[in-house]
Amino acid sequence: MHPSVKSLGLTKLWKLIYFVDVTALRERGTTITGSEFVKYPFGPVPSRGEKVLKAMRREKLLETEQRASGLITQTFVTALGKPDARLFSAEERAIIDGVCRGFGGKTAKELSSLSHSEPAWALAADLDKLDPELMFYGSSEDPEGL
């Protein structure tokens, strides 16, 4: 886990991945993960996120743990080793580091709220995939608000 990321639950993980991909899309014209995102109530979720998470658990790259937090139960994610930095280019690592530094200290709720201001999420129907063209544009480019 990146040192800037505090208390990594599943909702926060999905939002960080979303912000990494939209940052990459906006800066270099393509995402890092190649994932499509689906509109869920708490924000965008990578379409194959659960499948990849299960594979990573099987390979003992990470573990998940359910913990009660107030009235809800959260799933927390813990890396079981150091990430293989060779999987990413220097440009991709810089984007990932920047997103983790900028958003890693925020709560899942704060990140969900930020993702809800994204036109791609706001304009998608529930459980539909987000439009990649709309992902390119951020909320700061929508002067009228949604």
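Q: Where is Ser7 found?
A: This is a predicted model, so the values here are computed from predicted coordinates. Ser7 has a positive phi of about 50°, and it isn't a glycine. As for its place in the chain, Ser7 sits in the segment before α1.

Q: Is Ser7 buried or exposed?
A: The cut-off for exposed is over 50% relative accessible area. Ser7 comes in at 54%, so the word for Ser7 is exposed.

Q: Which loop holds Lys60?
A: Most residues other than glycine have a negative phi. Lys60 has a positive one, near 60°. At 63% relative accessibility, Lys60 counts as exposed. Its spot is the loop between α2 and β3 (62–69).

Q: Are α1 and α2 roughly parallel or roughly perpendicular to each other?
A: Helix α1 covers residues 10–28 and helix α2 residues 49–58, and their axes are 12 Å apart. The packing angle is about 115°, and 65 to 115 degrees is the range for roughly perpendicular. That's why α1 and α2 are called roughly perpendicular.

Q: Which residues of α2 make the contact with α1?
A: α1 passes α2 in a right-handed crossing. On the α1 side, the contact is made by Leu10, Leu13 and Trp14. By class, the contact of α1 with α2 has 4 nonpolar, 1 polar and 1 charged residues. On the α2 side, the names are Gly49, Glu50 and Leu53.

Q: How does α1 sit relative to α4, oblique or roughly parallel?
A: Helix α4 covers residues 108–116, and its axis is 9 Å from that of α1. The angle is about 40°, whereas roughly parallel would need an angle under 35 degrees. That makes α1 and α4 oblique.

Q: How many residues in the contact of α1 with α4 are charged?
A: α1 passes α4 in a left-handed crossing. From α1 come Thr11, Lys12, Lys15, Leu16 and Phe19, and from α4 come Ala108, Leu111, Ser112, Leu114 and Ser115. By class, these residues divide into 5 nonpolar and 3 polar, and the charged ones number 2.

Q: Are α1 and α3 oblique or roughly antiparallel to each other?
A: The axes of α1 and α3 are 9 Å apart, and the helices pack at an angle of about 130°. Roughly antiparallel would take an angle over 145 degrees. So the term for α1 and α3 is oblique.

Q: How many residues in the contact of α1 with α3 are nonpolar?
A: The crossing of α1 and α3 is right-handed. α1 brings Lys12, Leu16, Phe19, Val20, Thr23, Ala24, Glu27 and Arg28, while α3 brings Glu91, Glu92, Ile95, Ile96, Val99 and Phe103. Sorted by class, there are 5 charged residues, 1 polar one, and the nonpolar count is 8.

Q: What does Tyr18 touch?
A: Leave out residues up to four places away in sequence, and Tyr18 touches Phe37, Pro44, Glu118, Ala120, Leu130 and Met135.

Q: Which residues is Arg93 in contact with, leaving aside its neighbours within four places in sequence?
A: Arg93 belongs to helix α3. At 33% relative accessibility, Arg93 counts as partly exposed. The C-alpha atoms of Arg93 and Val20 are separated by 10.0 Å, with the two 73 residues apart along the chain. The contacts of Arg93 are Ala85 and Phe88.

Q: What distance separates the C-alpha atoms of Leu123 and Leu134?
A: Leu123 lies in the loop between α5 and α6 (132–135). Its relative accessible area is 57%, so Leu123 is exposed. Leu123 and Leu134 are 11 residues apart along the chain, and their C-alpha atoms are separated by 8.7 Å.

Terms used: Residues numbered from 1 in each chain as written. Predicted model: local features only at pLDDT ≥ 70, side-chain atom pairs only at ≥ 80, totals over all residues. Heavy atoms only, no water. Axes fitted to C-alpha atoms, helices over the stretch in contact; angles between N-to-C directions. Helix = DSSP H or I, 4+ residues; strand = E, 2+ residues; numbered from the N terminus. Left-handed = near helix turned anticlockwise from the far one by under 90°. Contact = heavy atoms within 4.5 Å. Nonpolar A, V, L, I, M, F, W, Y, C, P; charged D, E, K, R; others polar. Buried < 20%, exposed > 50% of the residue type's maximum accessible area, 1.4 Å probe, protein only.
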